[in-house]
Amino acid sequence: MGPLRSVVLAGGGTGGHIYPLLAFADCLRRHDPGVRITCLGTPKGLENELIPPQGYDLRQIPAYQLPRSVNMNLVKTPGRMWTAARAAGKVIDEVQADVVVGFGGYVSVPAYLAAWRRELPIVIHEVNVPPGVANRLGMKFTRHVAVGFPHQPVQAESLRDARVVGVPLRRGIAGLDRVALRTAARAHFGLRPDLPVLFVAGGSQGARSINLAVSGAAKELARQGVQVLHVIGARNEPVPIPSDLPVPYVTLPYLSEMELGYAAADLMLGRGGAMTCAEVAAIGLPTVYVPYPHSNQEQKRNALPVVETGGGLLVDDAELTPDWLERTVIPLIRDPHRLAAMGAAASAYGRRDGDEALLNFVYEAVAR
């Protein structure tokens, strides 16, 4: 089939929806610099901070929080949903879209409704089990559903017929050679080139327990020659780090170039968000996963398949203590053979081509 002329991408609210959208937009543009890419977002979403700096057209439409259960009454009742769908439809008509590709978040729903009314192809990309409420609604309007991980069709009946394409990742991560970049990455953060590095990043949401446990183990980590690169999270309170440590312990509020952190690291400690799981598996970085406890356990479901293949460890948030880190993480990070085996297992589970595989799936959907 011919190239796509105009694509509308819908996804917002959290990084888990926006980062795959941006990686896919980059892939579209690589294949066809002339394609028109229009992103839909809401006035309050994180997309306003992330999408325009990447050079993509972001159109704001109203979007409303949905009830947790999905049925057709949900579509029929709220007048404001149709108001939002009309706004999405105006954008779709103006840019003469060939297809709508949705990544979840409340902004996706009006886009799905507007595309359905126009009989436009709809492609949905989902990374969680169970699927988010917006994508669950979208699945009533299309059969073209793609997922990020092989465990999703097995665990969720609604995803049984979905195509496993992987997660679109930024080129800087998908193409990362950790070994080649390691020395430069460590120098960038002021870390020594000759000692192991534990990279800690719990995300902006709910990382306080991780931050406290690692800072509590700082003295013993340093005594055992383990350096720490610790991203506290911009929304989290700073944690006290002893000042007289014999090896570097570097703290940052936020890190936009995660590939540098990954390259500096021998081992990562973090949550089990879908993007984290996809990125660290793709690049073969052994990881200790501490799933966010106050949710429907989707982070545990994200991390478990990587752990079961040997690519990481899983610890409950309540069990993560300085003592646990000293007993478990220090022997692991000082064992290069075990780290190498874990990295190889993670890499065998992960994939770096999610953007290309999703693009092929979109071409198929439009051709049909």
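Predicted model: local features only at pLDDT ≥ 70, side-chain atom pairs only at ≥ 80, totals over all residues.
What does glutamate 364 pair with? Its side chain meets that of arginine 163 in a salt bridge, 2.8 Å from N to O. Now look at where the two sit. Glutamate 364 lies in helix 17, residues 354–367, and arginine 163 lies in strand 7, residues 163–164. The pair therefore ties together parts that are 201 residues apart in sequence. Arginine 163 is partly exposed too, with a relative accessible area of 34%.

Why can such pairs form? Side chains of opposite charge can pair when their charged atoms come close.

How many salt bridges does the structure hold? The count is 19. Here are two more. Aspartate 353 bridges to arginine 351, with the closest N and O atoms 2.8 Å apart. Aspartate 353 is partly exposed at 35%, and arginine 351 is partly exposed at 32%. Some bridges share partners: Arg30, Arg171, Asp355 and Glu356 are joined that way into one network. Then there is arginine 59 with aspartate 57, where the closest N and O atoms are 3.0 Å apart. Aspartate 57 is partly exposed, at 29%.

Next, the inside. In soluble globular proteins, nonpolar side chains tend to be buried together. Here, the largest nonpolar core has 39 residues. Those with the most contacts inside it are Phe149, Leu169, Phe199, Leu229, Tyr262 and Met268. Several elements give two or more residues to this core, including strand 8 (197–201), strand 9 (227–231) and helix 12 (258–264). Which element gives the largest share? Helix 13 does, with eight residues.

Where does this core lie? Domain 1 (6–169 + 352–367) and domain 2 (172–349) both give residues to it, so it lies between them.

Zoom in on phenylalanine 199. Leaving out residues up to four places away in sequence, its contacts include Leu229, Val231, Tyr262 and Met268. A second, separate core has 32 residues, among them Ala85, Val91, Ala97 and Val107.

Last, the cysteines. How many disulfides are there? Take cysteine 27. Its closest cysteine sulfur is in cysteine 39, 14 Å away, which is too far for a bond. A disulfide needs the two sulfur atoms within 2.5 Å.

Note on methods. Residues numbered from 1 in each chain as written. Heavy atoms only, no water. Core = buried A, V, L, I, M, F, W, Y, C linked by side-chain atoms within 4.5 Å. Buried < 20%, exposed > 50% of the residue type's maximum accessible area, 1.4 Å probe, protein only. Helix = DSSP H or I, 4+ residues; strand = E, 2+ residues; numbered from the N terminus. Domains from an automatic or database assignment. Contact = heavy atoms within 4.5 Å. Salt bridge = Lys/Arg side-chain N within 4 Å of Asp/Glu carboxyl O.
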